[in-house]
Amino acid sequence: MSARKRAALSQPSGLTSRVSEFNSRVTLFEPTDLPLAGTEDGSPRRSKRIKLEVKSEPIGDMEALNLVSYAVTPQGKRRVIKDGESENAVASRSKTSAKSPKKPKSVPQALEKPHPAPKNWRETYDTIKTMRSRFVAPVDTMGCDQAQWKESDPKNRRYATLVSLMLSSQTKDEVTDAAVSKLRAGLGGSLSVEAMIAADDSVISEAIAKVGFWRRKTGYLKQAAIVLRDQFDSDVPKTADELCSLPGVGPKMAFLCLQIAWDLNHGIGVDVHVHRITNLLGWHKPPTKTPEQTRLNLQSWLPKELHGDINHMLVGFGQVICLPVGPRCDVCDLSKKGLCPSAQKIVKASKSRKEIVFTKVEDTDESSPKVEVALEDDSEETTVNIPPSS
């Protein structure tokens, strides 16, 4: 093959080339007005590729002759050509960079088809509520709603609630409460956005080292504080979508935070207790597989005035009576009334399970017995007060 023919084949059709006047190693390609052979009416074939005009111009100090090649897209935008990069690669990069950033997804609030209300749900709900009024669970004294009361500034109260919720994931209330107290001390006696940003990561990590996924949560706390400072005037947002835009915050935390920090009832906070117990009660047909499915089902039929109470009620119920391992169906009123399809008939008590011991409580009502219930994986017993049923 002749040299002229090889040069013609190596040169892109419809373009002419010339050496750059600034740098002899740079070749410039320019469109030509000459018709191409083999096309109708002498007009060039249409190409699906983006045609790029490759140029080279000096950037910065002219005397230094620091040259860079760039491509001009049909929209007039410039794209720098990297070493060894082909025309197609530049065109592909141009298309990718032109896409607008994705907006954060909004939290779904309703099902297309509402879930039917379960049979006898109201009697079941009221029975659990009555049982909960007769004992104190860990969530009652060490839940995430307690973190705010040690702060005087309203912003810090709301922020303390958010911090406590972020730490509570995959962590027992007792551990979360201790971590929040230690973190407050490590930040100088108060939980604030400014103190969190200024604190060293090692200080935060040391304070929360006993909570689940503490390394990841250390980063989440610092990143979320920066977002709150830059986008929300160092305050907790007032919508679930904005809260879920923070690192480490999901729908459950968002809805609980809105209820506690702003007294806004925008949805149900569904954690593992609510998800597990409502499925045991047969409230979901078919059974739900994720807390989000549980939330949407519940919100579709449970009266809105109960949305703010059901989490706290069922969490305490799950911590003391309806335990994930070894549930106390023998003392549960739902089992006695036949309201729980998952109730277990205990023939013989397990030797490893702590027995409930009723004793008199002298510092309260003498007619109210005290019951000691051992929680799962706890080395110490949790004492709760249960007055007798009327």
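Residues are numbered from 1 along each chain as its sequence is written, and side-chain values use heavy atoms, with hydrogens and water left out. Because the model is predicted, local features need pLDDT of at least 70 and side-chain atom pairs count only at pLDDT 80 or more, whereas totals for chains, interfaces and linings use all residues.

A pair of aromatic rings is described by the distance of the centres and the angle of the planes. Here, rings of Phe, Tyr and Trp (for Trp, its six-membered ring) pair if their centres lie within 6.5 Å, and planes under 30 degrees apart count as stacked, over 60 as edge-to-face and the rest as tilted. By this rule, three aromatic pairs were found in a search of the whole structure. In one of them, the ring centres of Trp121 and Tyr125 are 6.4 Å apart and the planes stand at 75°, so this pair is edge-to-face. Trp121 and Tyr125 are four residues apart in helix α3 (residues 121-132), and are therefore separated by about one helical turn; helices (H or I, at least four residues) and strands (E, at least two) are DSSP runs, numbered from the N terminus. Trp121 and Tyr125 are both buried, where buried means under 20% relative accessible area, exposed over 50%, and partly exposed in between (1.4 Å probe, protein chains only).

Trp121 also pairs with Trp301: the ring centres are 5.2 Å apart and the planes lie at 65°, so this pair too is edge-to-face. Because Trp121 lies in helix α3 and Trp301 in helix α13 (residues 291-301), the pair ties together parts that are 180 residues apart in sequence. Like Trp121, Trp301 is buried. Trp121, Tyr125, Trp283 and Trp301 form one aromatic cluster. A further ring, that of Trp262, has the charged end of Lys238 sitting over it, 4.4 Å from the ring centre; a charge sits over a ring if NZ of Lys or CZ of Arg is within 6 Å of the ring centre and within 35 degrees of the ring normal.

With a disulfide taken as a pair of cysteine sulfur atoms within 2.5 Å, a search of the whole structure gave zero disulfides. For Cys257, the closest cysteine sulfur is that of Cys144, at 9.7 Å, which is too far for a bond. Cys257 is buried, with a relative accessible area of 0%, whereas Cys244 is partly exposed, with a value of 23%.

Rolling a probe the size of a water molecule over the atoms shows where empty space is left. In this analysis, made on a 1 Å grid over the protein atoms alone, a pocket is an open set of points where a 1.4 Å probe fits, with protein on both sides within 12 Å along at least five of seven lines, and lining residues have an atom within 4 Å of a point. The largest pocket has a volume of about 1200 Å³. It is lined by 42 residues, of which Lys252, Asp271, Val272, His273 and Val315 are the closest to its centre. Several helices each supply at least two residues of this lining, among them α5 (154-168), α6 (173-186) and α12 (272-280), and the largest share, six residues, comes from α11. The lining divides into 16 nonpolar, 14 polar and 12 charged residues, where Ala, Val, Leu, Ile, Met, Phe, Trp, Tyr, Cys and Pro count as nonpolar, Asp, Glu, Lys and Arg as charged, and the others, Gly among them, as polar.

Most residues other than glycine have a negative phi, and most peptide bonds are trans. Against this background, the peptide bond from Lys285 to Pro286 is cis, with omega near -5°, and Pro286 is found in the loop between α12 and α13. Phe213, in the loop between α8 (201-207) and α9 (214-231), has a positive phi near 55° and counts as partly exposed at 49% relative accessibility. Ser234, in the loop between α9 and α10 (240-244), likewise has a positive phi, near 60°, but is buried, with a relative accessible area of 13%.

Two contacts between C-alpha atoms complete the description. Lys345, in the loop between α15 (333-337) and β6 (358-360), is exposed, with a relative accessible area of 81%, and its C-alpha atom is separated by 7.8 Å from that of Asp330, 15 residues apart along the chain. Val227, in helix α9, is buried at 18% relative accessibility, and Val227 and Pro247, 20 residues apart in sequence, are 8.9 Å apart in space, C-alpha to C-alpha.

Notes
Grid points are joined across faces, edges and corners, and a volume is the space filled by probe spheres set on the points.
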